[in-house]
Amino acid sequence: WLGAAGARLNAEKSSPKEEVAIASVAEDDYCTPKLKSIVRRVATACGLIGGSGRGCQPMQAQQVAQLSDDEFNALFRPLSKKAHIVQFDRDEMMLDQGARDSIEQAWGDQGGASFFFVVSRASPDGNAKHNEELSAGRARSVLEHLEQKFEDPDLKKQVGLLWLGEGFAQLDETFCTWNRSRADTCTETEINRSAFMAWIDCAI
């Protein structure tokens, strides 16, 4: 399906009419052409469009995004007031009460948006393969809580999961100033034991 996603991306690049239609929609300032492009690619390749809800693994996410680590993180900085970051203990994927509250608050901020992104990570301590599995479990924990709490049959059509492990787009300490599920001290290691969540209300 990565090959198919690439074909769709090439088709998008050759379709200026689609870009004109998107640009005509009234949107928030953060909906840049670059953000809309990545949302389209990720939504298609990671199962958001079509409702399969399969998610993207680290290497797949990097290939689909077609961005460097810094470019990927910079893309989402304009969402600093809209996003929520759920934090986890070391080597854990279970949600504490603060995390559950944060997920519910993030979900409640939908407005008119259609796509809810969950981007999970792991800190670079420990085995890389284990950290990939850990970040995947963290993303699924968010999805499972949403399913249990809201029992919405269309939920999997709205939620896109990306798990990045430790190998792609690690967060720096500036993200500690974002809306976090924990109010305690925050280091670069701690902020990467996390799942980033945000509704994206760009027309894609």
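Predicted model: local features only at pLDDT ≥ 70, side-chain atom pairs only at ≥ 80, totals over all residues.
**Figure 1. Strands β2 and β4 pair in the antiparallel sense.** Strand β2 covers residues 115-120. Strand β4 covers residues 194-200. Six bridges join the two.

**Figure 2. Four strands form an open sheet.** In what order do the strands lie? The order is β1-β4-β2-β3. The pairing is mixed. Strands β1 (84-87) and β3 (159-163) are the edge strands. Each of these pairs on one side only. From one strand to the next, the twist averages 20 degrees. Within this order, β4 and β2 are the antiparallel pair of Figure 1.

**Figure 3. Helix α6 lies across β1, β2, β3 and β4.** The helix spans residues 97-108. How does helix α6 run relative to β1? The angle between helix α6 and β1 is about 160 degrees. Strand β1 is an edge strand of the sheet.

**Figure 4. Helix α7 lies across β2, β3 and β4.** This helix takes in residues 128-150. Helix α7 runs at about 160 degrees to β3. Strand β3, residues 159-163, is also an edge strand.

**Figure 5. The largest cavity holds about 60 Å³ of space.** Rolling a probe the size of a water molecule over the atoms shows where empty space is left. How many cavities of 30 Å³ or more are counted? The count comes to two. Here the view is of the largest cavity. Its lining includes Phe-72, Asn-73 and Phe-76. Val-119 and Arg-121 line the largest cavity too. So do Leu-171, Phe-175 and Phe-196. Which element gives the largest share of this lining? Helix α5 (residues 69-76) does, with three residues. Strand β2 spans residues 115-120, and Val-119 is one of the lining residues. Strand β4 spans residues 194-200, and Phe-196 is among the lining residues as well.

**Figure 6. The protein chain contains nine helices and four strands.** This last panel sets the close-ups in the whole chain. From the N terminus, the elements run α-α-α-α-α-β-α-β-α-α-β-α-β. The chain has 204 residues, and 48% of them count as buried. The accessible surface comes to about 9600 Å². Carbon and sulfur atoms account for 49% of that surface. Take the contacts between residues at least 6 apart in sequence: 78% of them join residues at least 24 apart.

Key:
Residues numbered from 1 in each chain as written. Heavy atoms only, no water. Buried < 20%, exposed > 50% of the residue type's maximum accessible area, 1.4 Å probe, protein only. Contact = heavy atoms within 4.5 Å. Areas by Shrake-Rupley, 256 points an atom, 1.4 Å probe, with all protein chains shown as cover. Pairing = 2+ DSSP bridges. Axes fitted to C-alpha atoms, helices over the stretch in contact; angles between N-to-C directions. 1 Å grid on protein atoms, 1.4 Å probe; cavity = no way out; pocket = protein on both sides within 12 Å on 5 of 7 lines; lining within 4 Å. Points joined across faces, edges and corners; volume = space filled by probe spheres on them.
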